[in-house]
Amino acid sequence: MSVLRPLDKLPSLNTATILLVGTEDALLQQLADSMLKEDCASELKVHLAKSLPLPSSVNRPRIDLIVFVVNLHSKYSLQNTEESLHHVDASFFLGKVCFLATGAGRESHCSIHRHTVVKLAHTYQSPLLYCDLEVEGFRATMAQRLVRMLQICAGHVPGVSALNLLSLLRSSEGPSLEDL
Amino acid sequence: MDETVAEFIKRTILKIPMNELTTILKAWDFLSENQLQTVNFRQRKESVVQHLIHLCEEKRASLNDAALLDIIYTQFHQHQKVWDVFQMTKGPGEDVDLFDMKQFKNSFKKILQRALKNVTVSFRETEENAVWIRIAWGTQYTKPNQYKPTYVVYYSQTPYAFKSSSTLRRNTPLLGQALTVASKHHQIVKMDLRSRYLDSLKAIVFKQYNQTFETHNSTTPLQERSLGLDINMDSRIIHENIVEKERVQRITQETFGDYPQPQLEFAQYKLETKFKSDLNGSILAEREEPLRCLIKFSSPHLLEALKSLAPAALFSRIQKLLCYSASHSQGTQDLSSYVPLYTRC
């Protein structure tokens, strides 16, 4: 099965699993460490992958949230993300996928225009977050946000579902996106 | 003692930093222990130097002694010079002669002195069968310029010699000839390696860098030993591509070895190739002349930077390319078999 489906496995008790997909291994590792430092009622599991499809040999739990980390400094990173997106089932995009763009702070090093990523996120109807993962403070804040999102996507927050969260995040985006 | 010699010694000693002064003077072994003890090294540098010059005058230092001091200073400060590498070859069918240091020195000196009447040649032998040669160049009519010498380090058991690059380049052919004839070789060729670090050049040229010896109890599992990740990795973090990572790590280790790499600062590659195309009318394939390009890599420590490329998941064929070339110790090669060069940024 080379396509990731959201509901093909049974959830484990009180466990929330996030999959970080990105080419920058060091950044993913640091983000994972920051996330695990957060206080969380659920048990967290972080999976790091360079690209999809995932190797089938690994026995993994149900994935609750996929975060695609795009490094704005590297065209290869964007290309890798676009290719990986083909291996995600459409039903994942109902709130369980999120894009994270890093490196926007250093404008001179950016080889991908911001609009490219915005358009990508718009095409896949998923939220786009910006964070400079190299900066400790920003990373910690983003880790907090991701942990909260993960808890909602795993269904551990009563009354809020992933789809609710998605529509909440989308309504805060301006109408300028329609011009793209 | 000649005034020029005194001036030369004075300038050399002034170059030496205070904390190395006693070590270098001891290595020079010209002034006796008693004499050195009379010097108060805690004074200001000018006074110390004055005192030392006075002692040298008493002992009647010659130009040779001064040259020896200069060699020792250079040996301590090797990285201040840029070193080129030369390789000598014997002619076909020549026997391997036993190396006689005395005969080499005499022959070398004689050849230079026959060509240019005014040269100062000094020798200092060190361990590992190496001899440091210092040559101060003059012409038929002018005295040798002691302040712009050329240094050559010749490893007598190998066909390699390292030469410091100097501004007086017209003497290089003569130097090459003298070295070749004195060491009983046939031909000398300049290699495409240049560096400030003699140790790195030695490591590359004598192939000392990639020796991975199988240790007796290498029973630590591959994952722990070679992943190079934090030892206290959280067990809640799972790497999906762990097989791929291990493979990359293994390839890196096989190519580079476990030991610190020789310090390369830049590598330059010339590529000359023709293109072949299946489609008719490809612009590149129709060219008459081959395509030429020059690629230059530079870094404070090039090989270590390349070694860390793979674990940083920026694996590229260039890495393997450079290792292949480095092991053949030639920077310029016909790379047409590696077209297209595959970069990821």
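Student: Is B:Asp29 buried or exposed in this structure?

Tutor: In this predicted model, B:Asp29 is exposed, since its relative accessible area is 62%, and anything over 50% counts as exposed. As for its place in the chain, B:Asp29 sits in the loop between H2 and helix H3 (33-37) of chain B.

Student: What is there to notice about the phi of B:Asn129, and how should I read such an angle?

Tutor: The general idea is that most residues other than glycine have a negative phi. In B:Asn129, which is not a glycine, phi is positive, near 55 degrees, and B:Asp29 likewise has a positive phi, of about 60 degrees, without being a glycine. B:Asn129 belongs to the loop between strand E2 (119-126) and strand E3 (130-137) of chain B, and with a relative accessible area of 44% it is partly exposed.

Student: Which peptide bond is cis, and what is its omega?

Tutor: Here the background is that most peptide bonds are trans. The bond that leads from A:Leu52 to A:Pro53 is cis, and its omega is near 5 degrees. A:Pro53 itself is located in the loop between strand E2 (43-49) and strand E3 (65-71) of chain A.

Student: How many helices and strands does chain A have, and in what order do they come?

Tutor: Chain A contains five helices and five strands, and, read from the N terminus, its elements follow the order β-α-β-β-α-β-α-β-α-α. Of the 180 residues in this chain, 51% count as buried. If you take the contacts in chain A with a separation of 6 or more, 79% of them are made by residues 24 or more positions apart.

Student: How do I read the angle at which the axes of H2 and H4 of chain B cross?

Tutor: An angle under 35 degrees counts as roughly parallel. Helix H2 (residues 18-28) and helix H4 (residues 45-58) of chain B have axes that come within 12 Å and cross at roughly 10 degrees, and therefore H2(B) and H4(B) are roughly parallel to each other. On the H2(B) side of the contact are B:Met18, B:Leu21, B:Leu25 and B:Trp28, and they meet B:Lys45, B:Val48, B:Leu52 and B:Cys56 in H4(B). Sorted by kind, the residues of this contact are seven nonpolar, no polar and one charged.

Student: How far apart are B:Lys117 and B:Thr139, in sequence and in space?

Tutor: These two residues are 22 residues apart in sequence, while their C-alpha atoms are 6.9 Å apart in space. B:Lys117 lies in the loop between helix H6 (101-115) and E2 of chain B, and its relative accessibility of 60% makes it exposed.

Student: How many disulfides does a search of the whole structure find?

Tutor: A disulfide is a covalent bond between the sulfur atoms of two cysteines. The search over all chains finds zero of them. Two cysteines can still be described by their accessibility: A:Cys110 is partly exposed at 21%, and B:Cys293 is partly exposed at 33%.

Student: Where in chain B does pLDDT stay under 50?

Tutor: The value to read is pLDDT, the predictor's confidence in each residue. Chain B averages 76, and 78% of its residues score at least 70. Among the stretches where pLDDT stays under 50 are residues 214-232, which have eleven contacts beyond four places in sequence, and residues 315-345, which have 59 such contacts. For the complex, the predictor gives an ipTM of 0.74 and a pTM of 0.58.

How values were computed: Residues numbered from 1 in each chain as written. Chains lettered and ligands numbered in written order. Predicted model: local features only at pLDDT ≥ 70, side-chain atom pairs only at ≥ 80, totals over all residues. Heavy atoms only, no water. Disulfide = S-S within 2.5 Å. Buried < 20%, exposed > 50% of the residue type's maximum accessible area, 1.4 Å probe, protein only. Axes fitted to C-alpha atoms, helices over the stretch in contact; angles between N-to-C directions. Helix = DSSP H or I, 4+ residues; strand = E, 2+ residues; numbered from the N terminus. Parallel < 35°, antiparallel > 145°, perpendicular 65-115°, else oblique. Contact = heavy atoms within 4.5 Å. Nonpolar A, V, L, I, M, F, W, Y, C, P; charged D, E, K, R; others polar. pLDDT = per-residue confidence, 0-100.
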